[in-house]
Amino acid sequence: MDADGNFVVVGEINRATPVGAIRTEWGAALVSSDSPLPEFGTLAPYTVVRELDPDPRGADEELVLHTLPLPLPLNNYPMVFAPEQLPEAGRVERPSYAFHEVPIPDVRPEDGPKVTSPVTFGAWMSAGGTLEVGVTSDGHCGTFGFDFSRLVPNSVYTVMSLRARDLDPAEPTRPGPLGVPNVFVTDAYGNGQYHVTMPNPFPDPELPGANRIINVVVLWMSYQRNYGGAIGEFGLGGDIHAHLKLRCASFQDLRTVAAPQP
């Protein structure tokens, strides 16, 4: 969010058409938290406050980024992200914080917190990375190799998987880590690497119960924490912040098969 409580959106934006339909297109905009809230699985147009300049050196370069307040505004996603760690996450109340002012649990000034300057939209938009994905020779596993640059320096990042059924309106599955632990820490220049081998991430989609990985998301962790088998306690901008992802579902041509049971 920005300091005024508007969503800072870079990605798919829902817009109303002149005939009352909704079109979804990639863009960058400030979106009002008073936008209409549809049922999960349906679309409603965003109330766009104004368009954003996505150029890292553009007009919105100095916009300071903030977390979402809790409970999460405009949340229609019926998911508890950390059911063992925080099953009542929806009852937690917190204000929105500038990224560099997030109250990291138990931290003291003498402990040396490293993110102490505002994280701006321009710096955020300068990040980049490469991803190489493959299948092991036995066909049982998928490999993911990431190299990043210009991320937020000296920060905890994690990588999550998005699976085909995570956004299923009828029975969504819980988004999970891409490996455990799924952590890397950037250096003073914002560089980082992450590599993982995952068991059977690309099963034949026609198989019963198949839940393929279709995207990966690189998350900046505003509380500088990792959550084991959960991607975060609140998700969706409350304590995790999607910094890099693929624009659409991917890996359609890859296939893996489950390893034989011992």
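**Reading the chain**

Mentor: Start with the order of elements. This is a predicted model. Along the sequence, its chain runs β-β-β-α-β-β-β-β-β-β-β-β.

Trainee: What radius of gyration does the chain have, and what would a compact globule have?
Mentor: The chain holds 262 residues. For that length, a compact globule would come near 18 Å. The value for the chain agrees with this: 19 Å.

Trainee: What share of the contacts in the chain joins residues at least 24 apart?
Mentor: Consider contacts between residues at least 6 apart in sequence. Of these, the share that joins residues at least 24 apart is 68%.

Trainee: Now one residue. Which strand holds Thr-197?
Mentor: Look at residues 192-199. Thr-197 lies in that stretch, which is strand 9.

Trainee: Is Thr-197 buried, exposed or partly exposed?
Mentor: Its relative accessible area is 48%. Buried needs under 20%, and exposed needs over 50%. Thr-197 therefore falls in between: partly exposed.

Trainee: Which residues does Thr-197 touch?
Mentor: Leave out residues up to four places away in sequence. The contacts of Thr-197 are then Thr-136, Cys-141, Gly-142 and Thr-143.

Trainee: How many Å apart in space are Thr-197 and Glu-39?
Mentor: In sequence, Thr-197 and Glu-39 are 158 residues apart. In space, go from C-alpha to C-alpha: 36 Å.

Key: Residues are numbered from 1 along each chain as its sequence is written. This is a predicted model: local features need pLDDT of at least 70, side-chain atom pairs count only at pLDDT 80 or more; totals for chains, interfaces and linings use all residues. Side-chain values use heavy atoms; hydrogens and water are left out. Helices (H or I, at least four residues) and strands (E, at least two) are DSSP runs, numbered from the N terminus. The radius of gyration is taken over C-alpha atoms; the globule rule is 2.2 Å times the number of residues to the power 0.38. Contact means heavy atoms within 4.5 Å. Buried means under 20% relative accessible area, exposed over 50%, partly exposed in between (1.4 Å probe, protein chains only).
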